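Here's a quick tour for anyone opening this structure for the first time. Keep the 3D view handy and follow along topic by topic.

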Amino acid sequence: MFEDRKEAGEALADRVAAARPERPVVLALPRGGVPIAATVAERLGAPLDLLLVRKLGLPGHSELAAGALVEGDPPQAVYNPEVLTMAGLDERDFEGQIADKTQEIAERRARWLSGRAPVDLSGRTAIVVDDGIATGATVRAALRGLRARAPAAVWLAVPVAPPDTLERLAHEADEVICLDRPRDFQAVGLHYRRFPQVSGEEVADILARFDTPDRRPE
(Lines give C-alpha, C1' and ligand atoms only; values in the text may rest on other atoms or scores of the structure.)
Protein backbone atom coordinates (compact mmCIF):
# COMPACT_ATOMS: atom_id res chain seq x y z
CA MET A 1 0.00 0.00 0.00
CA PHE A 2 1.41 3.40 -1.04
CA GLU A 3 0.55 6.54 0.89
CA ASP A 4 0.13 8.56 -2.32
CA ARG A 5 1.64 9.11 -5.76
CA LYS A 6 4.54 11.04 -4.22
CA GLU A 7 5.64 8.07 -2.12
CA ALA A 8 5.12 5.68 -5.02
CA GLY A 9 7.10 7.93 -7.34
CA GLU A 10 10.05 8.16 -4.98
CA ALA A 11 10.20 4.40 -4.53
CA LEU A 12 9.88 3.79 -8.27
CA ALA A 13 12.56 6.38 -9.02
CA ASP A 14 14.96 4.53 -6.70
CA ARG A 15 14.36 1.26 -8.53
CA VAL A 16 14.65 2.75 -12.02
CA ALA A 17 17.82 4.67 -11.15
CA ALA A 18 19.39 1.49 -9.76
CA ALA A 19 18.79 -0.19 -13.14
CA ARG A 20 20.94 2.50 -14.83
CA PRO A 21 19.06 3.18 -18.09
CA GLU A 22 21.23 4.66 -20.84
CA ARG A 23 20.22 8.09 -22.20
CA PRO A 24 16.74 7.87 -20.67
CA VAL A 25 13.60 9.75 -21.64
CA VAL A 26 10.63 9.39 -19.31
CA LEU A 27 7.19 9.18 -20.91
CA ALA A 28 4.12 9.61 -18.71
CA LEU A 29 0.71 8.17 -19.46
CA PRO A 30 -1.66 10.99 -18.48
CA ARG A 31 -3.07 11.95 -16.27
CA GLY A 32 -2.31 9.82 -13.22
CA GLY A 33 1.12 8.79 -14.41
CA VAL A 34 2.43 12.34 -14.69
CA PRO A 35 3.30 13.07 -11.02
CA ILE A 36 5.08 9.72 -10.70
CA ALA A 37 6.91 10.11 -14.01
CA ALA A 38 8.08 13.58 -12.96
CA THR A 39 9.73 12.15 -9.86
CA VAL A 40 11.45 9.46 -11.94
CA ALA A 41 12.63 12.03 -14.50
CA GLU A 42 13.99 14.31 -11.76
CA ARG A 43 15.95 11.45 -10.22
CA LEU A 44 17.43 10.48 -13.59
CA GLY A 45 18.02 14.06 -14.77
CA ALA A 46 16.06 13.05 -17.86
CA PRO A 47 13.57 14.82 -20.13
CA LEU A 48 9.89 14.27 -19.31
CA ASP A 49 7.27 13.95 -22.04
CA LEU A 50 3.77 12.56 -22.44
CA LEU A 51 2.81 9.43 -24.34
CA LEU A 52 -0.68 10.16 -25.60
CA VAL A 53 -2.92 7.21 -26.46
CA ARG A 54 -6.57 7.24 -27.56
CA LYS A 55 -8.85 4.22 -27.75
CA LEU A 56 -10.26 3.15 -31.11
CA GLY A 57 -13.76 1.91 -30.33
CA LEU A 58 -15.64 -0.69 -32.33
CA PRO A 59 -18.10 1.14 -34.64
CA GLY A 60 -21.50 1.02 -32.99
CA HIS A 61 -19.98 -0.27 -29.74
CA SER A 62 -17.51 2.47 -28.80
CA GLU A 63 -16.95 1.04 -25.31
CA LEU A 64 -15.28 -2.03 -26.84
CA ALA A 65 -11.67 -1.33 -27.79
CA ALA A 66 -10.72 -2.54 -31.24
CA GLY A 67 -7.34 -0.92 -30.86
CA ALA A 68 -5.65 2.32 -29.93
CA LEU A 69 -3.93 5.24 -31.60
CA VAL A 70 -0.50 6.05 -30.17
CA GLU A 71 1.10 9.47 -30.60
CA GLY A 72 3.90 9.59 -33.16
CA ASP A 73 4.89 11.08 -36.52
CA PRO A 74 2.67 9.74 -37.92
CA PRO A 75 0.54 8.33 -35.07
CA GLN A 76 0.58 4.54 -34.89
CA ALA A 77 -2.66 2.55 -34.87
CA VAL A 78 -2.40 -0.70 -32.92
CA TYR A 79 -5.29 -3.13 -33.37
CA ASN A 80 -6.72 -6.12 -31.53
CA PRO A 81 -6.93 -8.68 -34.37
CA GLU A 82 -9.36 -10.90 -32.46
CA VAL A 83 -11.85 -8.05 -32.16
CA LEU A 84 -11.48 -7.11 -35.84
CA THR A 85 -12.08 -10.70 -36.92
CA MET A 86 -15.10 -11.04 -34.64
CA ALA A 87 -16.62 -7.83 -36.04
CA GLY A 88 -15.73 -8.56 -39.66
CA LEU A 89 -13.82 -5.29 -39.97
CA ASP A 90 -10.39 -4.22 -41.17
CA GLU A 91 -8.16 -1.22 -40.58
CA ARG A 92 -9.84 0.86 -43.31
CA ASP A 93 -13.02 0.95 -41.21
CA PHE A 94 -11.24 3.14 -38.65
CA GLU A 95 -9.93 5.89 -40.94
CA GLY A 96 -12.53 8.41 -39.69
CA GLN A 97 -11.82 7.61 -36.06
CA ILE A 98 -8.09 7.88 -36.63
CA ALA A 99 -8.50 11.38 -38.05
CA ASP A 100 -10.61 12.42 -35.03
CA LYS A 101 -8.24 10.84 -32.49
CA THR A 102 -5.22 12.40 -34.18
CA GLN A 103 -6.85 15.79 -33.66
CA GLU A 104 -7.60 14.95 -30.01
CA ILE A 105 -3.96 14.04 -29.43
CA ALA A 106 -2.79 17.31 -31.00
CA GLU A 107 -5.24 19.26 -28.83
CA ARG A 108 -4.04 17.57 -25.65
CA ARG A 109 -0.39 18.22 -26.49
CA ALA A 110 -1.23 21.87 -27.17
CA ARG A 111 -3.15 22.17 -23.90
CA TRP A 112 -0.74 20.33 -21.61
CA LEU A 113 2.60 21.00 -23.31
CA SER A 114 1.91 24.33 -25.03
CA GLY A 115 2.37 22.51 -28.34
CA ARG A 116 5.94 21.40 -27.52
CA ALA A 117 7.07 18.73 -29.99
CA PRO A 118 7.56 15.17 -28.73
CA VAL A 119 11.06 14.29 -27.58
CA ASP A 120 13.15 12.48 -30.19
CA LEU A 121 13.58 8.94 -28.86
CA SER A 122 16.07 7.71 -31.47
CA GLY A 123 18.78 5.67 -29.78
CA ARG A 124 17.48 6.43 -26.26
CA THR A 125 15.87 4.38 -23.50
CA ALA A 126 12.17 5.25 -23.48
CA ILE A 127 10.71 4.64 -20.01
CA VAL A 128 6.90 4.50 -19.93
CA VAL A 129 5.47 5.36 -16.51
CA ASP A 130 1.94 5.13 -15.10
CA ASP A 131 0.52 5.07 -11.57
CA GLY A 132 -0.55 1.45 -12.01
CA ILE A 133 -1.90 -1.04 -14.53
CA ALA A 134 -5.10 -3.06 -14.47
CA THR A 135 -5.82 -4.93 -17.73
CA GLY A 136 -2.85 -3.44 -19.58
CA ALA A 137 -4.68 -2.85 -22.87
CA THR A 138 -3.72 0.84 -23.14
CA VAL A 139 -0.17 0.21 -21.99
CA ARG A 140 0.28 -2.65 -24.47
CA ALA A 141 -0.78 -0.39 -27.34
CA ALA A 142 1.50 2.37 -26.07
CA LEU A 143 4.52 0.08 -25.94
CA ARG A 144 3.89 -1.33 -29.42
CA GLY A 145 3.32 2.07 -30.97
CA LEU A 146 6.43 3.45 -29.32
CA ARG A 147 8.68 1.09 -31.27
CA ALA A 148 8.03 3.09 -34.44
CA ARG A 149 9.93 6.02 -32.88
CA ALA A 150 13.16 3.97 -32.92
CA PRO A 151 14.20 4.01 -29.25
CA ALA A 152 17.21 1.91 -28.32
CA ALA A 153 15.07 0.21 -25.66
CA VAL A 154 11.55 0.42 -24.26
CA TRP A 155 11.06 0.09 -20.50
CA LEU A 156 7.88 -0.01 -18.46
CA ALA A 157 7.93 1.26 -14.87
CA VAL A 158 4.89 1.26 -12.55
CA PRO A 159 4.27 1.05 -8.81
CA VAL A 160 1.61 -1.68 -8.96
CA ALA A 161 0.08 -4.19 -11.39
CA PRO A 162 -1.27 -7.76 -11.25
CA PRO A 163 1.14 -10.58 -12.13
CA ASP A 164 -0.86 -11.90 -15.11
CA THR A 165 -0.95 -8.46 -16.75
CA LEU A 166 2.79 -8.02 -16.23
CA GLU A 167 3.43 -11.43 -17.74
CA ARG A 168 1.61 -10.39 -20.93
CA LEU A 169 3.39 -7.04 -21.07
CA ALA A 170 6.82 -8.61 -20.58
CA HIS A 171 6.77 -9.53 -24.28
CA GLU A 172 6.29 -5.86 -25.25
CA ALA A 173 9.05 -4.22 -23.19
CA ASP A 174 12.79 -4.76 -22.89
CA GLU A 175 12.61 -4.15 -19.14
CA VAL A 176 9.64 -4.18 -16.74
CA ILE A 177 9.96 -2.62 -13.30
CA CYS A 178 7.04 -3.00 -10.90
CA LEU A 179 7.22 -2.50 -7.14
CA ASP A 180 4.11 -4.42 -6.06
CA ARG A 181 2.53 -7.40 -7.86
CA PRO A 182 -0.52 -8.36 -5.77
CA ARG A 183 -2.35 -11.53 -6.80
CA ASP A 184 -5.58 -10.18 -5.26
CA PHE A 185 -5.45 -7.05 -7.44
CA GLN A 186 -8.81 -5.32 -7.97
CA ALA A 187 -8.13 -1.69 -8.92
CA VAL A 188 -5.11 0.63 -9.01
CA GLY A 189 -6.61 3.12 -6.57
CA LEU A 190 -7.07 0.49 -3.86
CA HIS A 191 -3.29 0.25 -3.51
CA TYR A 192 -2.99 3.92 -2.47
CA ARG A 193 -4.27 5.44 0.76
CA ARG A 194 -4.80 8.73 -1.07
CA PHE A 195 -5.56 8.59 -4.78
CA PRO A 196 -7.10 11.88 -5.96
CA GLN A 197 -7.72 12.58 -9.61
CA VAL A 198 -4.95 14.49 -11.36
CA SER A 199 -6.30 17.62 -13.04
CA GLY A 200 -5.30 18.89 -16.45
CA GLU A 201 -3.94 22.01 -14.77
CA GLU A 202 -1.67 19.89 -12.57
CA VAL A 203 -0.40 18.01 -15.63
CA ALA A 204 0.42 21.28 -17.40
CA ASP A 205 2.13 22.73 -14.30
CA ILE A 206 4.33 19.65 -13.84
CA LEU A 207 5.36 19.54 -17.48
CA ALA A 208 6.14 23.25 -17.50
CA ARG A 209 8.87 22.59 -14.91
CA PHE A 210 10.67 20.46 -17.48
CA ASP A 211 10.50 23.00 -20.32
CA THR A 212 13.93 24.40 -19.47
CA PRO A 213 17.28 24.00 -21.28
CA ASP A 214 18.60 21.41 -18.81
CA ARG A 215 15.44 19.30 -19.15
CA ARG A 216 15.16 19.34 -22.91
CA PRO A 217 16.44 16.44 -25.05
CA GLU A 218 20.09 16.29 -25.93
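The largest pocket holds about 970 Å³ of space, in a model that is predicted. A pocket here is an open set of points on a 1 Å grid over the protein atoms alone, where a 1.4 Å probe fits and protein lies on both sides within 12 Å along at least five of seven lines; a lining residue has an atom within 4 Å of a point. Grid points are joined across faces, edges and corners, and the volume is the space filled by probe spheres set on those points.

Some ground rules: this is a predicted model, so local features need pLDDT of at least 70 and side-chain atom pairs count only at pLDDT 80 or more, while totals for chains, interfaces and linings use all residues. Numbering starts from 1 along each chain as its sequence is written, and side-chain values use heavy atoms, with hydrogens and water left out.

**The largest pocket**

- Its lining takes in 40 residues, and V53, D130, A137, T138 and V139 are the ones nearest the centre.
- Two or more lining residues come from each of β3, β4, β5 (76-79), α3 (81-87), α4 (95-113) and α5 (137-146). These labels follow DSSP runs numbered from the N terminus: helices are H or I with at least four residues, strands are E with at least two.
- The top contributor to this lining is α5, with six residues.
- Sorted by class, the lining of the largest pocket has 22 nonpolar, eight polar and ten charged residues. Ala, Val, Leu, Ile, Met, Phe, Trp, Tyr, Cys and Pro count as nonpolar, Asp, Glu, Lys and Arg as charged, and the others, Gly among them, as polar.

**The second largest pocket**

- This one has a volume of about 210 Å³.
- Its lining includes D4, R5, K6, E10, P35, T39 and R194.
- Helices α1 (5-18) and α2 (33-44) each give two or more residues to the lining of the second largest pocket, and α1 gives the most, with three.
- By class, the lining of the second largest pocket splits into three nonpolar, two polar and six charged residues.
- T39, one of the residues lining the second largest pocket, sits in helix α2 and is buried, with a relative accessible area of 17%. Buried means under 20% relative accessible area, exposed means over 50%, and partly exposed is in between (1.4 Å probe, protein chains only).
- Not counting residues up to four places away in sequence, T39 touches G9, E10 and A13; contact means heavy atoms within 4.5 Å.

**Strands and hairpins**

- Strand β3 (residues 53-58) pairs with strand β4 (residues 61-70) in the antiparallel sense, over six bridges. Strands pair if DSSP finds at least two bridges between them.
- In that pairing, R54 stands opposite L69 in β4.
- The β3–β4 hairpin has two residues between its strands, and G60 in the turn has a positive phi of about 85°.
- G57 belongs to strand β3 and is buried, at 5% relative accessibility. Beyond its neighbours within four places in sequence, G57 is in contact with S62, L64, A66, F94 and Q97.
- Four bridges join β4 to β5 in an antiparallel arrangement, with V70 opposite Q76 in β5.
- The β4–β5 hairpin has five residues between its strands.

**Helix α7**

- In α7 (residues 200-208), the buried residues are G200, V203, I206 and L207.
- Seen down the axis of α7, these buried residues fall within an arc of 125°, so they line one face of the helix. The arc is taken from the directions from the helix axis to the C-beta atoms.
- E201 and D205 are exposed on the other side of α7.
- The buried residues of α7 pack against α2, β2 (48-50) and α4.

**Backbone details**

- A cis peptide bond joins P30 and R31, with omega about 5°; R31 is in the loop between β1 (24-28) and α2.
- The peptide bond from D73 to P74 is cis too, with omega near 5°, and P74 is in the loop between β4 and β5.
- R23 is not a glycine, yet has a positive phi of about 45°; R23 is in the loop between α1 and β1.
- A150, in the loop between α5 and β7 (153-160), has a positive phi near 60°.
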